[in-house]
2 protein chains.
Amino acid sequence: MANGYHHGNLRTAVLERAAEVIEQEGPYSFSLRSLAADLGVSHTAPRHHFGSREGVLNALAVEGFQELAARLRADREAGGGFLEAGVEYVRFATDRPAHFQVMFAPTLLSDDDEELEAARAAAFGELQGGVSALAEEGYPVEDGAAAVVAGWAIVHGIATLALTGNLDSSGIRRLFEDTDLLTITRRSAGLLFGRRPDPSEGRS
Amino acid sequence: MANGYHHGNLRTAVLERAAEVIEQEGPYSFSLRSLAADLGVSHTAPRHHFGSREGVLNALAVEGFQELAARLRADREAGGGFLEAGVEYVRFATDRPAHFQVMFAPTLLSDDDEELEAARAAAFGELQGGVSALAEEGYPVEDGAAAVVAGWAIVHGIATLALTGNLDSSGIRRLFEDTDLLTITRRSAGLLFGRRPDPSEGRS
DNA sequence: GTCGGTAACTTTCCGGTGTATAGTTCTGGA
DNA sequence: TCCAGAACTATACACCGGAAAGTTACCGAC
C-alpha cells in the first residue's frame, strides 16, 4: 500500500487533514498545495480523487450531511424528542466543526453535485421530521411552519455563534460560568414553545 | 478629484464594490486584484487605504457593527421591544448580507483591531440589552442567560440560514408560500418565551 | 507663485495557489 | 507474463496577496 509512490489511502487522508486545517483556520485559508505537502504527496495528487479544491469541500459536506442525518435518525429512533434532536444538532457541530462550516456555506460548494444534493436532502428530511413531531410530544403547536423554522434556527444559531467564537467574544458565555454548551442549548431551546410539557398537565 | 491619477474616493469605492462581490460570490472569491481592476486602479492602490486584504474585510465588519448597533438603538428608543429588535436584526442581515457574513466570520478578521473590537462590543451591548429587557415586556423570564442566548440564536439562525440559501434548499421556505422573511421571523421568534404577552392577562 | 512635504497611486517583483496536461509508477486480473 | 487502468509526479500557466521603490497630484507655508 504505502510504498512511497502510492499513498494507499490518500482520499481519506486528505479529508482528515482538510477537516483539521479548516477547523483551525477556517475554510478560506484551506490550501490544496500546503495540504498535499503535509501529506508528502505532490500538489496535484488530491486532484485525482476529488477533481478540484471544491471537490474536497463537496466531499466533506457529503460526509457531514450523512453523519448528521444518521445522528438525527438514531436520536429519533431512540425516542429523544425535539429537544434532544436539537442538542444532537449542536453536538454534531462541535464534534465536526469543519464539516458543519462547509455544509452550510454554499458558496464553497458545487450546486450541481448529485451526491451532495442527496445527502443534504436526507439530512434536511430528518431535521424537518424531528421538529414537526413536536405536536406528538405535547407542545402546543399552532403554526407548524413557524415551529420548524424556530426549532432549526435556534439550534443552528447556537451552533454557528459558538463555532465562530461569538458567544465568547460577546461576553454572553460568561453569564453561564462554566456551563457546558449542550446544557446551554437545552436551557435555551427549552424556552421554545412555552414551558416544557409537564406530564401532569395538558396544553395551556 | 477624480482626475485619472487620484481616484478621489477610493476607500468608499472599494468598500462598496467589496460588498457587492461578497454578496454575490462569498468572501472566498473576493480578490483585491479583480476589485482594483473593476475600479480602474492598480492592484496595490487599496493597500494604501486598508493595509491588506484583511484590512478591507475589517473595515466592512466595522461598518456593519456600527450600522447594526445604530439600528438596534433606534429600535429600542422607539420602544420596539424584543420581537422588533429581532426582526431588525434579520432585516439588517438581508439589507447588508456581505457585511453580515464578514462580521460573524472571525477567521476573516484581525483579532487585534481596536476599532473593530469597539464596534463589535457596542453592537453586542445593544443586542444583549434588547433581549434582556424582555422581563419588562411582560414575558415570564426565569432563566435570563438562556433567554439572551435563545433570543440571539433564533434571529441569528434565521438570518444565517436565509443568507446561505438553506431555507430555500431545505424546502422549508415553501411551507410559507410567498410569505416575507421578516414575517416568518416574527412568527417564528414569537414562539419564544411562550405566547406573546396579552395585555388582558398576567403571566402564566 | 513656487516650493516642499505628504498623501495617493503605479510599477515591478516575489512566493504561493488552483488547475490543466502529459508523463511515470504501481496494482491486479486475464 | 503482460497489459489496462488507477495512482501519482512533473511541468507550465494564470491569478493572487504582499513588499519595495518610484511617480503624480494636492496643499499649506513662505
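Biologist: Take the contacts in chain A with a separation of 6 or more: what percentage comes from residues 24 or more positions apart?

Modeller: 71%. Two residues are in contact when their C-beta atoms, placed from the backbone, lie within 7 Å. This is a predicted model: local features need pLDDT of at least 70, side-chain atom pairs count only at pLDDT 80 or more, and totals for chains, interfaces and linings use all residues. Residues are numbered from 1 along each chain as its sequence is written, while chains are lettered from A and ligands numbered from 1 in the order in which they are written.

Biologist: How many helices and strands in chain A?

Modeller: Chain A has 10 helices and 0 strands. Helices (H or I, at least four residues) and strands (E, at least two) are DSSP runs, numbered from the N terminus. Along the sequence the pattern reads α-α-α-α-α-α-α-α-α-α.

Biologist: What box do the C-alpha atoms of chain A fill? And what percentage of its residues is buried?

Modeller: Roughly 70 × 40 × 30 Å, along the principal axes. Of the 204 residues in chain A, 42% are buried. Buried means 20 or more other C-beta atoms within 10 Å of the residue's own, exposed means 12 or fewer, and partly exposed is in between, with C-beta atoms placed from the backbone.

Biologist: Pick one residue. Is A:Val87 buried or exposed?

Modeller: A:Val87 is buried, because 21 other C-beta atoms lie within 10 Å. A:Val87 sits in helix α5 (residues 81–95) of chain A.

Biologist: Which residues does A:Val87 touch, leaving out those up to four places away in sequence?

Modeller: A:Leu182, A:Thr185 and A:Arg186. A:Leu182 is 95 residues from A:Val87 along the chain, yet their C-alpha atoms are separated by 6.1 Å.

Biologist: On to the contact between the chains. How many residues come from chain A and from chain B?

Modeller: Chain A gives 43 residues and chain B gives 45. On the chain A side, the elements with two or more residues are α7 (114–132), α8 (144–163), α9 (166–169) and α10 (181–189). α8(A) gives the most, with 14 residues.

Biologist: What does the side of chain A that touches chain B have by class?

Modeller: That side has 24 nonpolar, 15 polar and 4 charged residues. Ala, Val, Leu, Ile, Met, Phe, Trp, Tyr, Cys and Pro count as nonpolar; Asp, Glu, Lys and Arg as charged; the others, Gly among them, as polar.

Biologist: Chain B now. At what angle do α8(B) and α10(B) cross?

Modeller: Roughly 145°, and the axes of α8 (residues 144–163) and α10 (residues 181–189) of chain B come within 10 Å. Axes are lines fitted to C-alpha atoms, for helices over the stretch in contact, and angles run from 0 to 180 degrees between N-to-C directions.

Biologist: Which residues make that contact?

Modeller: From α8(B), B:Ile154, B:Val155, B:Ile158 and B:Ala162; from α10(B), B:Leu181, B:Thr185, B:Ser188 and B:Ala189. They divide into 6 nonpolar, 2 polar and no charged.

Biologist: What about α1(B): how far apart are its end C-alpha atoms?

Modeller: 22 Å, which agrees with the 22 Å that its 16 residues (10–25) should span at 1.5 Å a residue. The expected span is 1.5 Å times one less than the number of residues.

Biologist: Which residues of α1(B) are buried?

Modeller: B:Val14, B:Leu15, B:Ala18, B:Ala19 and B:Ile22. They cover an arc of only 130° around the axis, so they are on the same side of α1(B). The arc is that of the directions from the helix axis to the C-beta atoms. The face turned away from the buried side carries exposed B:Thr12, B:Glu16 and B:Gln24.

Biologist: What do the buried residues of α1(B) pack against?

Modeller: α2 (32–39), α3 (45–50), α4 (53–77) and α6 (97–103) of chain B. Just after α1(B), B:Gly26 takes a positive phi of about 85°.

Biologist: Which value is phi of A:Glu177 near?

Modeller: 50°, a positive value in a residue other than glycine. Most residues other than glycine have a negative phi. A:Glu177 is in the loop between α9 and α10 of chain A. A:Glu177 is exposed, because 7 other C-beta atoms lie within 10 Å.

Biologist: Where is B:Glu177?

Modeller: In the loop between α9 (166–169) and α10 of chain B. Phi of B:Glu177 is near 50°, a positive value.
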